[in-house]
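Hi everyone, thanks for coming. Have a look at the structure on the screen, and I'll walk you through a few parts of it.

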Amino acid sequence: MIPFEKKELDGGEDKAVIVHPDLGSLGQNALEYRLEEAIGLALAIGLETTSAQYFGVRAPKPGTLFGSGQVDQIKTILAQDDANILIVDGTLSAIQQRNLEEELKVKVIDRTGLILEIFGARAATAEGRLQVELAHLDYQAGRLVRSWTHLERQRGGFGFLGGPGETQIESDRRMIRDRMAKLRKELSHLRKTRTLHRSRRQKAPWPVIALVGYTNAGKSTLFNRLTGAEVFAEDLLFATLDPTMRQFPLPGYDKAIISDTVGFVSDLPTQLVAAFRATLEEVTAADVIIHVRDISHASSDGQAHDVEQILSELGVDLEDGEGAPIIEAWNKIDLIDSDDPDSIKLPEHIPDNVCPISAATGQGVDALVEMVTTNLSRNHNIETVKLPLSDGKRLAWLHENGRVLESEQQNDALILAVQMSNRNWGRFHAL
């Protein structure tokens, strides 16, 4: 078995320089935010960033991505900062990565490799570790083509392999394929188990609400606010990797289930989207999706677009309205300074599916819960029920499992207008 080979990048003596190849697709502000995000990604695994800048790349060089003059500039920056790691905030081919390392004499890691390092360090559950290992091996498999010396120095090799050579590379590639096949089989079993659990939940009368959003948008803080749980929540990119599910009280229901998922990010590696598809499928089976947005972030619209793009890839219907309703929770409104002319401003007219909140302070969270309840009950039926005043048991049941819209006393009876799902009406009439 090939061990999950991973070299820790845990800060300490490691200093990183970040460079972003500007291919002309981003505006000035977007470039600045992209660099800030790359610094946050480096910080997430404890790397000290000494400098971060972008280089205009009109025609990417097949050998190094950057032009020779730019490579010389990067070498000077690395020497001045005494940095031993170069993070390229983009995608590098195996050849480009190897050539840059040979020229610069430092470790070179691209955006995909950096995110994989974070996921490898953060995955806590057995399923999470399997998913990360699969994604990492998929990434490494692409590094084996004509890049053996690169692999030996940059990743440290697999530990038991011999020297360079086509036969050895083929052998290593075969072992990676075998290990990936085994991982996919194990994940397939876990996926079946997860599907079984999901089908059981669907048979129960409890709605499922899924939190999605860009990394560091505040999903885990909102999750903790709603459930009273203590899920790890920090001002850190990818603070949550392993999906967490908890029950929480919801008006009109005896309980509901809420799921906190991994945060999305622009240019999320395809290996990770594929590996985490099983866990992200929880989103596709949800009754309501809450898209948590950091509305105080200057690039909030761009982040929302990235999230919607990944949701589309997962099969979530965003267009014709036949899928689960999506609510946008505009989070971190407590960070918006209305007296500051340069601060972000909320629009005068808030869309119907939007609820401004502060997960940190609790502002607007009650309104969000009410909006979730309204969306869950949009296809529910309203019936009139007549109960004796002495029938406290069924009256309590109606309050727990439905919404009592009106209540009127007539002699020794209560006349109630109650809104509930067809499933709950069936349970009620069977009482």
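Let's start with helix α12, residues 365-376: its twelve residues, at 1.5 Å a residue, should span 16 Å, and the C-alpha atoms at its ends are 17 Å apart, so the two agree. The expected span there is 1.5 Å times one less than the number of residues, and helices are DSSP runs of H or I with at least four residues, strands runs of E with at least two, numbered from the N terminus.

Quick word on what you're looking at. This is a predicted model, where local features need pLDDT of at least 70 and side-chain atom pairs count only at pLDDT 80 or more, while totals for chains, interfaces and linings use all residues. Residues are numbered from 1 along each chain as its sequence is written, and side-chain values use heavy atoms, with hydrogens and water left out.

Back to α12: which of its residues are buried? They are Val365, Leu368, Val369, Met371, Val372, Thr373 and Leu376. Buried means under 20% relative accessible area, exposed is over 50%, and partly exposed is in between, using a 1.4 Å probe and protein chains only. As background, an α-helix has 3.6 residues a turn, so residues three or four places apart point the same way.

Zooming out, the chain has 14 helices and 13 strands. Of its 431 residues, 51% count as buried.

Next, a pair of helices. The axes of α4 (residues 111-122) and α5 (residues 126-141) come within 10 Å and cross at roughly 155°. That makes α4 roughly antiparallel to α5, a label for angles over 145 degrees. These axes are lines fitted to C-alpha atoms over the stretch in contact, and the angles run from 0 to 180 degrees between N-to-C directions. And where do α4 and α5 meet? On the α4 side you have Thr112, Gly113, Leu116, Phe119 and Gly120, and on the α5 side Val132, Ala135, His136 and Tyr139. Contact here means heavy atoms within 4.5 Å.

Last stop, two loop residues. Most residues other than glycine have a negative phi. Leucine 65, though, has a positive phi near 70°, and sits in the loop between β2 (48-56) and α2 (68-81). Asparagine 216 also has a positive phi near 70°, this time in the loop between β5 (208-213) and α8 (219-227). Buried or partly exposed? Leucine 65 is buried, at 7% relative accessible area, whereas asparagine 216 is partly exposed, at 23%.

Conventions. Parallel < 35°, antiparallel > 145°, perpendicular 65-115°, else oblique.
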